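This report examines how selected residues are placed within a protein model. Please keep the sequence and the structure in view while reading.

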Amino acid sequence: MASVNQTFVIVPRSAPAKAGASGRVANFDEIYADFPLGDGKVQSSRCAQCGVPFCQSACPLENNIPDWLMLAAEGRAEEAWRQCEATSTMPEICGRICPQDRLCEGSCTLEQSGWETVTIGSVERWLGDMAFEKGWVEPIRPRSEKGQSVGIVGAGPAGMAAADRLRSAGYAVTIYDRHDRAGGLLTYGIPGFKLEKHVVGRRVDRLADGGVEFRLGVDVGGDLPFAEVRAAHDAVLVATGVYQARRLTAPGCGSDGVVPALNYLIASNRKGFGDAVPAWDDGALNAAGKRVVVIGGGDTAMDCVRTAVRQGATAVTCLYRRDRENMPGSARETANAEEEGVVFEWLASPRAVLGGASGVIGVRAQRMALAAQGADGRWSVEAVPGGEFDLPADLVIEALGFEPEDLPTLFDTPDLALTDWRTIRTAGHTRATTLEGVFAAGDIVRGASLVVWAVRDGQDAAAEIDAWLTSRRRVAA
């Protein structure tokens with residue numbers, strides 16, 4: 001029988017249906033649909049099944065992408081799903097929010113040779129959603145109980161991924177998180193138009209149904225001393241993420257109307273859950289009827305500008321000091337923002353926030369030019385003489401990135417070693433910290449990064465914790 005794979009020479013690339021910009025900005029629904037069954041199979045068949053799968057090597061999880069594309073093309077969707085979940089605890093989430101253009105799809109052999117990439121992320125999402133709908137996602141039911149427990153500080157993607165693997169292996173797992181809902185940035189930092197909350201919720205439900213205990217609204221290091229967490233468990237994983245916002249240092253940045261991106265996004269997401277959010281109701285964290293300037297060029301900045309559009313801002317501008325080609329955020333999200341009416345001021349840096357009696361009235365910016373390329377490939381910038389200009393603004397959102405909290409002080413653990421960037425130092429390529437039985441994973445180790453890397457780190461940490469606890473059981477025996 002003729003193969004249904006390698007059809008890229010006759011089948012053009014086609015993405016799933018996307019809601020039109022004029023309609024989608026009226027709500028926070030996801031803008032992409034899943035593939036219909038036939039389209040998913042056809043697009044999967046475009047894979048070249050090349051001898052060296054650059055898509056796989058570019059994926060932080062090293063997903064078996066060619067294998068599940070081949071199975072999907074052959075109509076063996078459940079088998080394709082099993083390949084997906086073998087290497088990832090969150091395929092349907094990564095399929096939605098990974099910057100595939102910079103990872104698997106950008107490295108696809110077809111993309112590099114001019115045939116256009118396979119729609120890998122969309123197929124991954126399609127398989128994941130189908131798996132939940134058809135009941136292929138099996139409950140966590142360990143074959144046996146280990147008799148040991150693991151405490152996880154942080155209910156974000158790294159903590160959830162680790163909990164999935166550890167509970168599946170038979171460990172009692174408790175996740176602690178300061179928020180009232182699990183999911184971390186998946187729940188409170190990413191808007192619904194990229195990741196609807198029920199998608200995160202069903203992963204949380206699977207963990208809870210499998211026996212993972214969630215202790216939410218608990219601030220480890222505040223309400224609950226870290227020493228008590230260590231005493232309650234045989235091992236501890238720190239997966240807190242990095243939440244401390246980098247702030248503007250320009251004159252006027254302390255004015256009313258200048259807000260950190262995460263505060264703004266959390267308020268919007270809480271409103272979407274139906275929570276009471278006074279700062280949203282009184283307008284402090286609500287863009288309705290305002291001229292908004294977002295400072296930054298990453299995915300968080302794109303989340304902010306697109307949220308502001310949906311809240312009814314009268315104008316939304318993104319100010320970024322480098323050019324489009326050097327923007328760290330996803331090219332797809334930038335294009336979506338432009339379709340929705342966001343104006344980009346490239347090569348422009350804030351110099352001052354202009355204030356009046358009633359708060360912010362504008363941002364004074366400086367035109368910049370690329371100067372020299374560093375060893376890391378990033379371009380430095382320099383000011384263009386006479387290049388100052390003003391942007392009117394009623395709300396300024398700082399999307400400048402995130403830094404770690406001072407965990408040794410917060411946890412009262414002066415022996416917890418940090419790197420020069422204040423992330424947790426781990427031993428070599430392991431996830432072990434300088435505290436015995438304490439491991440770390442995700443952004444708190446590598447710095448602010450991608451969800452897919454947090455998932456990888458959480459899974460790897462779970463494997464290390466399992467090995468460490470197994471060795472202790474053998475010694476005890």
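## Basis of the model

This is a predicted model, in which local features need pLDDT of at least 70 and side-chain atom pairs count only at pLDDT 80 or more, while totals for chains, interfaces and linings use all residues. Residues are numbered from 1 along each chain as its sequence is written, and side-chain values use heavy atoms, with hydrogens and water left out.

## Nonpolar cores

A nonpolar core is a set of buried Ala, Val, Leu, Ile, Met, Phe, Trp, Tyr and Cys residues joined through side-chain atoms within 4.5 Å. Buried means under 20% relative accessible area, exposed over 50%, and partly exposed in between (1.4 Å probe, protein chains only).

The largest nonpolar core contains 71 residues, and Trp68, Leu127, Ile152, Leu166, Leu186 and Leu237 have the most contacts inside it. Helix α20 (residues 451–476) supplies the largest share of this core, 8 residues. Another core, of 28 residues, lies apart from it and includes Val259 and Cys304.

Helices (H or I, at least four residues) and strands (E, at least two) are DSSP runs, numbered from the N terminus.

## His179

His179 sits in the loop between β2 (172–177) and α11 (185–188). With a relative accessible area of 16%, His179 is buried.

Trp115 lies in the loop between α8 (109–112) and α9 (120–134). Its relative accessible area is 39%, so Trp115 counts as partly exposed.
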